[in-house]
Amino acid sequence: MYRAKELGKNNFQYYSESMTARVFERLTLENNLRHALKRNEFILHYQPQVDARSGKIFGVEALLRWQHPELGLVMPNNFIPLLEETGLIEPVGIWVLETACKQSRQWHESGMGFVHMSVNLSSRQFNNSHFIASLQDVIRETHVNPEYLELELTESMLMRNTSSTITALKSLNSLGVRFAIDDFGTGYSSLNYLRRFPIDTIKIDRSFIRDITHDTDDRAICSAIIGMTQSLSLNVIAEGVETSGQLEFLKTRQCHYIQGNLFSPAIEAADMTKMLADQLLI
Ligand code: C2E
Ligand code: MG
Ligand code: MG
């Protein structure tokens with residue numbers, strides 16, 4: 001019945017075993033997800049953000065993975081929607097912040113300098129009025145320097161309800177943390193918010209970078225985004241840089257901050273520590 005309703009009115013669907021299997025799969029996943037936090041099954045991988053001029057890592061993005069006992073490593077696109085739907089994203093999101101901040105502190109204490117730490121926020125976390133207090137606790141407990149913590153938001157999160165968004169951003173900003181707009185160019189947006197909101201960084205979405213070596217429209221869009229960020233004195237990071245051709249084009253447009261598999265995919269904390277230690281030797 002639900003499948004028929006999903007497909008619109010005046011419709012019928014035969015019952016099939018695969019439907020039961022699908023519902024069962026979802027329930028199992030949801031059930032497993034509920035236990036994943038206390039079973040320590042979540043881990044963070046880190047992807048370096050590099051200054052292409054010096055080749056040096058100036059920051060990392062924390063990316064969540066689920067180490068499932070049977071399924072192996074599960075990528076976020078497969079479980080974050082379910083975390084959001086069930087509200088589990090709130091405790092898991094706090095765990096992500098805590099873990100990322102502890103890691104950042106640890107790198108600082110072991111002489112790696114300040115590594116900018118980017119953490120993705122879900123809209124549910126951002127719209128929760130308790131979030132600011134939780135973030136404050138995390139900053140206090142982990143002794144992380146908030147200036148080196150960048151929260152990644154999406155355009156749609158900023159567009160939803162502008163007056164409460166401004167209040168949320170301002171109070172978070174008063175803690176000293178920075179903000180980046182993730183997947184820039186893919187959502188509904190109003191360029192007005194770039195003036196009104198305390199945004200520090202724009203991350204050009206991977207879909208615009210993919211074909212910049214040959215697609216004239218994508219080249220024009222990327223050049224325009226980069227030009228706009230320069231005029232507004234914002235930082236710009238190109239996401240998903242995979243080839244030296246893409247990098248060369250970005251360099252000609254003065255976009256020097258890059259993140260992507262060309263330099264390194266997201267890797268485990270221990271490997272990231274090694275990568276940071278290696279660059280101290282150069
Ligand atoms: P995102 O924040 O835009 O993160 C970038 C994604 O692009 C990551 O996928 C990264 O592994 C991938 N990527 C980076 N460079 C390349 C490249 O050169 N080529 C290709 N093909 N991919 C590249 P990942 O880790 O699967 O994460 C997917 C999305 O899940 C993230 O997109 C973010 O929206 C969400 N996410 C990840 N961790 C968290 C989290 O802790 N909290 C929340 N709320 N969302 C998260
Ligand atoms: Mg991100
Ligand atoms: Mg992104």
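Which side chain has an N or O atom 2.9 Å from an oxygen atom of ligand 1? Glu61 does. The points below set this contact in the predicted model.

1. Basis. This is a predicted model, in which local features need pLDDT of at least 70 and side-chain atom pairs count only at pLDDT 80 or more, while totals for chains, interfaces and linings use all residues. Residues are numbered from 1 along each chain as its sequence is written, chains are lettered from A and ligands numbered from 1 in the order in which they are written, and side-chain values use heavy atoms, with hydrogens and water left out.

2. Besides Glu61 at 2.9 Å, Arg65 places a polar side-chain atom 2.8 Å from an oxygen atom of the ligand. Glu242 has a polar side-chain atom 2.5 Å from a nitrogen atom of ligand 1. On its own the ligand has 800 Å² of accessible area, and the protein covers 82% of that (Shrake-Rupley method, 1.4 Å probe).

3. Shell around ligand 1. The ligand is surrounded by 23 residues (a heavy atom within 4 Å). Arg65, Asn120, Asp182, Glu242 and Asn261 are the closest. Eight of the shell residues are nonpolar, seven polar and eight charged; Tyr and Cys count as nonpolar here, and Gly as polar. Strand E2 (56-68) gives the most, with four residues.

4. Largest pocket. A pocket here is an open set of points on a 1 Å grid over the protein atoms alone, with protein on both sides within 12 Å along at least five of seven lines. Its volume is about 1,200 Å³. The lining (an atom within 4 Å of a point) has 39 residues, with Glu61, Leu63, Pro76, Asn77 and Asn120 nearest the centre. Strand E2 again gives the most, here five residues. By class, the lining divides into 14 nonpolar, 14 polar and eleven charged residues.

5. Cavity. The largest cavity holds about 50 Å³ of space. Among its lining residues are Ser104, Arg105, His108, Phe114 and Tyr148. The lining has four nonpolar, four polar and one charged residues.

Notes:
Polar contact = N/O pair within 3.5 Å; in protein donor to acceptor, adjacent residues only side chain to side chain. Helix = DSSP H or I, 4+ residues; strand = E, 2+ residues; numbered from the N terminus. 1 Å grid on protein atoms, 1.4 Å probe; cavity = no way out; pocket = protein on both sides within 12 Å on 5 of 7 lines; lining within 4 Å. Points joined across faces, edges and corners; volume = space filled by probe spheres on them.
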